[in-house]
Amino acid sequence: MLNYIHWNIDPEIINAFGISLRYYGLLFVGGIMLSIYLLGKIFKKENILPRIWISYPFIVWQAL
């Protein structure tokens, strides 16, 4: 029964000038952007910290 399922998805969405955009990279970046957006909404609702603190860990991570 399982021999009828052929799972052969090409992970590449688009390839332009030798740079390929893959679906899992797009989902990864989308998840990060969604989490930053949701944290901003939570921080604004709870009035916890300035909104600049949302992206602070990502700035530190990029500096390493």
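Colleague: How many aromatic pairs does a search of the whole structure find?

Modeller: The search finds one aromatic pair. This is a predicted model, in which local features need pLDDT of at least 70, side-chain atom pairs count only at pLDDT 80 or more, and totals for chains, interfaces and linings use all residues. Residues are numbered from 1 along each chain as its sequence is written, and side-chain values use heavy atoms, with hydrogens and water left out.

Colleague: Why is the pair of Tyr23 and Tyr24 called edge-to-face?

Modeller: Rings of Phe, Tyr and Trp (its six-membered ring) pair if their centres lie within 6.5 Å; planes under 30 degrees apart count as stacked, over 60 as edge-to-face and the rest as tilted. The centres of Tyr23 and Tyr24 are 5.4 Å apart and their planes stand at 75°, so the pair is edge-to-face.

Colleague: Why does Tyr23 count as partly exposed?

Modeller: Buried means under 20% relative accessible area, exposed over 50%, and partly exposed in between (1.4 Å probe, protein chains only). Tyr23 has 39% relative accessibility and therefore counts as partly exposed; Tyr24, at 45%, is also partly exposed.

Colleague: What makes Ile5 exposed?

Modeller: Ile5 has a relative accessible area of 59%, so it is exposed. Ile5 lies in the segment before strand E1.

Colleague: How do you know that the span of helix H1 agrees with its 24 residues?

Modeller: Helices (H or I, at least four residues) and strands (E, at least two) are DSSP runs, numbered from the N terminus. The expected span is 1.5 Å times one less than the number of residues. For H1 (residues 23-46) this gives 34 Å, and the end C-alpha atoms are 34 Å apart, so the two agree. Just after H1, Asn47 takes a positive phi of about 55°.
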